[in-house]
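My notes are below, in the order in which I took them.

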Amino acid sequence: MKAAPQRLNREQAREFLAEIESTLESHRGRDAREAAVRALNSRFSTYSWVGIYLVQGQDLLLDAWSGPIATEHVRIPIGKGVCGFAAKAGRTEIVSDVSKDPRYLQCFPSTKAEIVVPILYENKIVGEIDIDSEELGAFSSLDREFLEAVAAKVSRHCVE
Ligand code: SME
């Protein structure tokens, strides 16, 4: 069961990063990616849907996800949508209100905010973490910092 909605604080971020790290130690490759999205989705109620896309050629392919329903956006061209934009620009994108962002590709009508964090391996983008939230302005600079640290830990599992 999920905890009550709350914003991430620094102590939780530190604790949870350590938890993710130990979870990842006992998994490899796709299992590790699955474990990471499950952990992120179940731990924070503000993270309503969590997915990892992997770069394949000029596209992002949905690899592992955790959330109430599947998305139809299983292949996103790099450059398209918030996901494709983050992959092209190579930086984290935070969208506080998806209804105001013309790049946004809708997956779930309940989504209000989104964060997309590139996963880098040896300075190359190999994938990204995409998280939807049903709360406006759900993602702070601390979520960004935390998720960038998670992306760094998941990274080696994205090339296995
Ligand atoms: N909203 C994303 C598409 C992926 S779904 O959120 C799972 C985008 O604009 O790229």
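**Entry 1: ground rules**

I am working with a predicted model, in which local features need pLDDT of at least 70, side-chain atom pairs count only at pLDDT 80 or more, and totals for chains, interfaces and linings use all residues. Residues are numbered from 1 along each chain as its sequence is written, and side-chain values use heavy atoms, with hydrogens and water left out.

**Entry 2: the ligand**

Which residues come nearest to the ligand? I found Val82, Cys83, Leu105, Cys107 and Glu114, out of 13 residues around the ligand. A residue is near a molecule if one of its heavy atoms lies within 4 Å of it.

I then sorted the shell by residue type and got eight nonpolar, two polar and three charged residues. In this scheme Ala, Val, Leu, Ile, Met, Phe, Trp, Tyr, Cys and Pro are nonpolar, Asp, Glu, Lys and Arg are charged, and the others, Gly among them, are polar.

By element, β1 (49-56), α3 (81-89) and β6 (124-133) each give at least two residues to the shell. The most come from α3, which supplies three. The elements are DSSP runs numbered from the N terminus: helices are H or I with at least four residues, strands are E with at least two.

A ligand nitrogen lies 2.8 Å from a polar backbone atom of Leu105. A ligand oxygen lies 3.0 Å from a polar backbone atom of Val82. The side chain of Asp130 has an N or O atom 3.3 Å from an oxygen of the ligand. The protein covers 100% of the 300 Å² of accessible area that the ligand has on its own (Shrake-Rupley method, 1.4 Å probe; for residues, only the protein chains shown count as cover).

I looked up Thr71 in the loop between β2 (59-66) and β3 (75-77). Is Thr71 buried or exposed? Thr71 counts as buried because its relative accessibility is 8%; buried means under 20% relative accessible area, exposed over 50%, and partly exposed in between, with a 1.4 Å probe and protein chains only. A polar atom of the Thr71 side chain is 2.9 Å from the backbone nitrogen of His73.

Glu93 belongs to strand β4 (residues 93-95) and is also buried, at 8% relative accessibility. Which side chains does the side chain of Glu93 contact? I noted Arg91 at 3.1 Å and Arg103 at 3.0 Å.

**Entry 3: positive phi**

Most residues other than glycine have a negative phi. I noted Glu122, where phi is positive, near 45°, and Asn123, where phi is about 65°. Glu122 sits in the loop between β5 (113-121) and β6, and Asn123 lies in the loop between β5 and β6 as well. Glu122 is exposed, as its relative accessible area is 68%. Asn123 counts as exposed at 75% relative accessibility.

**Entry 4: pairs apart in sequence**

Trp49 is in strand β1 and is buried at 2% relative accessibility. How far apart in space are Trp49 and Asp132? I read 5.1 Å from C-alpha to C-alpha, across 83 residues of sequence.

Ala64, in strand β2, is buried with a relative accessible area of 1%. Its C-alpha atom is 5.3 Å from that of Ile52, twelve residues apart along the chain.

Ala149 is in helix α4 (residues 141-154) and counts as partly exposed at 24%. Between Ala149 and Ile119, 30 residues apart in sequence, the C-alpha distance is 9.7 Å.

Last, I took Tyr121 in strand β5, which is partly exposed at 29% relative accessibility. The C-alpha atoms of Tyr121 and Ala152 are separated by 8.0 Å, with the two residues 31 apart along the chain.

Technical notes
Polar contact = N/O pair within 3.5 Å; in protein donor to acceptor, adjacent residues only side chain to side chain.
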